[in-house]
Amino acid sequence: MQYCRKLFFTCISVGLIAAGSAIFPIYYEAKRQLFDQLSSQALSIAASLSLQIPISSLEESASSPSSSTEAESLVEGILRRERTIQRKHGVFIEDIVIVRPSSRPESVEVLIDAPLDSNLKIPRGKIYTERGLSGERLDLKHLFSPEGFVRDTYGTWLIGYAPIYDTQSVYMGTIMVIIK
């Protein structure tokens, strides 16, 4: 009787260890694949938006000292429409912002912000420092997404960056698609 009990517990233990050793790699691989999928979505949304922005409206908005222009409203409308479309497909975009490099390292200057809640709109010209890039260089002139989530005082985000160029290949700004 003692032998059967020991054999039973040994078999159960071996089974649990085998199941546990299979579950953890599967969990981490699924987690990585989900991150890669969301990162790809953020990049593709940012890249498609960078082609939809009217360059003349972006130039007018960036050079205008007033707080809001018709050109800025047009660009904000494009950004809001894209966010609404993506939400219907299950991608929870928190914010879409057009930025350009600032004079400070790892910082950007906000050109146009189209947040979900208009009370949270970042004013034009505000300098925002990217934290949580874990030593990665903030290269706004190329399509990229950080290797991990970005953490700041407002939460944890996945961000896709896509540059905006005019017809003469002059850099105009970068679209940040922020997924919560």
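Predicted model: local features only at pLDDT ≥ 70, side-chain atom pairs only at ≥ 80, totals over all residues.
In strand β5, Gly 155 is the bridge partner of Asp 152.

**Strand β5 and its neighbours**

Strands β4 and β5 run antiparallel and are joined by three bridges. Within β6, Gly 173 stands opposite Ile 164. Strand β5 spans residues 155-165, and eight of its 11 residues are buried, so the strand is largely enclosed by the rest of the structure.

The hairpin of β5 and β6 has five residues between the strands, and Ser 169 takes a positive phi in this hairpin. Most residues other than glycine have a negative phi. Ser 169 is not a glycine, yet its phi is positive, at about 60 degrees. Ser 169 is placed in the loop between β5 and β6. With a relative accessibility of 57%, Ser 169 counts as exposed.

**The sheet as a whole**

The strands described above belong to an open sheet of six strands, ordered β3-β2-β1-β6-β5-β4 and paired in the antiparallel sense. The edges are formed by β3 (127-129) and β4 (150-152); each has a single partner strand, so one side of each is left without a neighbour in the sheet. On average, neighbouring strands of this sheet are turned by 45 degrees against each other, direction ignored. Strands of a sheet pair through backbone hydrogen bonds, either parallel or antiparallel.

Strand β1 (residues 93-101) pairs with strand β6 (residues 171-179) over six bridges, in the antiparallel sense. Thr 174 in β6 is the bridge partner of Val 99. Helix α3 (residues 70-88) lies across β1 and β2 (107-113), and the helix runs at about 140 degrees to β1.

**Aromatic pairs**

A pair of aromatic rings is described by the distance of the centres and the angle of the planes. The structure holds five aromatic pairs; two of them, including one with a residue of strand β5, are set out below.

| Pair | Arrangement | Centre to centre | Angle between the planes |
|---|---|---|---|
| Phe 8 and Phe 9 | edge-to-face | 5.4 Å | 65 degrees |
| Phe 144 and Tyr 161 | stacked | 4.6 Å | 5 degrees |

Phe 144 counts as buried at 14% relative accessibility. Tyr 161 is buried as well, with a relative accessible area of 0%.

Technical notes
Residues numbered from 1 in each chain as written. Heavy atoms only, no water. Pairing = 2+ DSSP bridges. Helix = DSSP H or I, 4+ residues; strand = E, 2+ residues; numbered from the N terminus. Axes fitted to C-alpha atoms, helices over the stretch in contact; angles between N-to-C directions. Contact = heavy atoms within 4.5 Å. Buried < 20%, exposed > 50% of the residue type's maximum accessible area, 1.4 Å probe, protein only. Phe/Tyr/Trp six-rings, centres within 6.5 Å; stacked < 30°, edge-to-face > 60°.
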